[in-house]
Amino acid sequence: MAEVFPRLLPPLWVTIKVSFISLFLAFIIGLFFGSLNCISSKFNPINIITRFYVWIVLCTPIIIQIYAAYLLLPKVGIKLDVFWVGVIALTFNSAGYQIEISRASISSIDKGQYEASKTLGMNIFSSMIYIILPQAIKRMLPATANEASHLIKASSILSVIALLELHKAAINLQGNSFKFIELLVLQAMIYLPIVLCTSYIANILQKRNQSKSTKIDLIK
Amino acid sequence: MLDTEFMLYILPRVLKASLVTLEISFLSLLFSIILGLLFSLIALSSGKIINIIIRCFVEFTRGVPQLVQISIIYFALPYWGIYFNEFWTGVVALSFIGAGYTIEIFRNAVLTLDKGQQEAGKILGMNKYQILIYLLYPQIIKRSLPPITNELINVVKASALLSVISVNEITKIMNDVIFEYFVVIEVLLEATVMYLIIISVLISISRYFEKRLVV
């Protein structure tokens, strides 16, 4: 086990890279469309399209989305490295969740905040950017950290499109050494602390948010 | 634009595969409910060490990617001398994954019940197993229905991963058909629509439970 461990480190770096790049992209997409969703009316075309998109993402397994990205992108004429295909697939999946997360946290901000910024003479965009979003992002952080751990786990599925990340590398090593279970357990022991750390961070963020909001309530 | 004739031609295969998906999901959910009830009972009624062991199991099923767990079980079962076909290996893997979640669902449901219930049971002279089985568990069945249907949705999604150990469910059949006929868009669309139908129905059932059954 000890001798194959160094050979699993570069693939581990690929796993981390692919998950965090997708998390970053999905966060931005989710924030943008989530806030658009909150501003616009319910029957606005943008609103309907994003809801349809979220529905598609939540109702299909991620492996189908990965296959779809892998098989459909070349059909449209976009030929990318398999790493970037993986990034696109994971971003597609995660953006659906991020839109929901940001929509929920923006609509959880108190109505009084909007009214206060209106009386200060701000229009809807500047009140969104300067008043609402800074507060909403703070509330989004725990769910986003959970999403990070979800993405690290999901990145193992990218092995089906032959991206050399941790799981694929372990499968390849299995073919060389025929030590099936040892390699899988070793790999599980690499995933476990990373995922547990991210969900631990999510818990801490959640608790900090809660204690802050109770403090504000006490002051009131 | 779309080759509808071909889509109709492969429809029976996809429908058969979605039956396998449903079968495997319901069987694994059933087994994981049984495991969850059993282990949550053990966790609630025993001391620290057993609780830590169960906690470790739960953290393992949550912290390790499902694909890795499926491959571990796929290789570990024959290693221990247990030979199943792919279908039952898949059921074992998904029940193992699901059990981690159902244990927590049942345990949390019991812990959110009022403390007075336990005290009342104690006064009636029940021991801790009687309190759990006759007094507390009957009350949590209603409460845990919405999270259990959510868990069923997760199991259906996870069953797509069983294509890597060649269980004949929707994703595997989709792959087979794509590489048999080299038709991509039609087949992908059909598989996606199948999943959309199954999961949307399950989601509306879980919403119904959440509205009607919240105590």
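Where does Pro61(A) lie in chain A? Keep that residue in mind as you go through these close-ups of a predicted model.

**View 1. Pro61(A) sits in a loop and meets the partner chain.** Pro61(A) lies in the loop that runs between helix 2 and helix 3 of chain A. With a relative accessibility of 1%, Pro61(A) counts as buried. Setting aside neighbours within four places in sequence, its contacts are Lys157(B), Ala160(B) and Tyr195(B). Within its own chain, Pro61(A) is 32 residues away from Asn93(A) in sequence, yet their C-alpha atoms are 9.3 Å apart in space.

**View 2. Gln65(A) makes polar contacts with two side chains.** Gln65(A) belongs to helix 3 of chain A. Its relative accessibility is 7%, so Gln65(A) counts as buried, the cut-off being under 20%. The side chain of Gln65(A) reaches that of Thr60(A) in a polar contact of 2.9 Å. A second polar contact, of 2.8 Å, links the side chains of Gln65(A) and Asn93(A). If you leave out residues up to four places away in sequence, Gln65(A) touches Ile56(A), Val57(A), Thr60(A), Ala89(A), Phe92(A) and Asn93(A).

**View 3. Chain A and chain B share an interface.** Here 31 residues of chain A are in contact with 33 residues of chain B. The two chains bury about 2800 Å² between them, and carbon and sulfur atoms give 81% of that area. Cys59(A), Ile64(A) and Ile181(A) supply 18% of what chain A buries against chain B, more than any other three residues. Polar contacts join 4 residue pairs between the chains, with both residues at pLDDT 80 or more, while the number of salt bridges across this interface is 0.

View 4. Helix 2 (45–59), helix 3 (62–76), helix 7 (166–177) and helix 8 (180–219) of chain A each give two or more residues to the side that touches chain B. The largest share, 10 residues, comes from helix 8 of chain A. Sorted by type, the residues on this side of chain A are 23 nonpolar, 6 polar and 2 charged.

View 5. Is Cys59(A) buried or exposed? At 1% relative accessibility, Cys59(A) counts as buried. Cys38(A), at 29%, counts as partly exposed. A search of the whole structure turns up 0 disulfides over all chains.

**View 6. A salt bridge links distant parts of chain B.** Glu180(B) and Arg13(B) meet through their side chains in a salt bridge of 3.5 Å, N to O. Glu180(B) is in helix 8 (residues 170–181) of chain B and Arg13(B) in helix 1 (residues 4–45), 167 residues apart. Glu180(B) is partly exposed at 45% relative accessibility, and Arg13(B) is partly exposed at 32%. Over all chains, the salt bridges number 6.

View 7. In helix 2 (residues 48–63) of chain B, Arg55(B) and Glu59(B) are 4 residues apart, which means about one helical turn separates them. Their salt bridge has its closest N and O atoms 2.8 Å apart. Arg107(B) and Glu104(B), 3 residues apart in helix 4 (residues 86–111) of chain B, are also separated by about one helical turn, and their closest N and O atoms are 3.4 Å apart in a salt bridge. Glu104(B) is buried, with a relative accessible area of 9%. Through salt bridges that share partners, Arg55(B), Glu59(B), Glu104(B) and Arg107(B) join into one network.

Notes
Residues numbered from 1 in each chain as written. Chains lettered and ligands numbered in written order. Predicted model: local features only at pLDDT ≥ 70, side-chain atom pairs only at ≥ 80, totals over all residues. Heavy atoms only, no water. Disulfide = S-S within 2.5 Å. Buried < 20%, exposed > 50% of the residue type's maximum accessible area, 1.4 Å probe, protein only. Contact = heavy atoms within 4.5 Å. Buried area = accessible area lost by both parts, 1.4 Å probe. Salt bridge = Lys/Arg side-chain N within 4 Å of Asp/Glu carboxyl O. Polar contact = N/O pair within 3.5 Å; in protein donor to acceptor, adjacent residues only side chain to side chain. Nonpolar A, V, L, I, M, F, W, Y, C, P; charged D, E, K, R; others polar.
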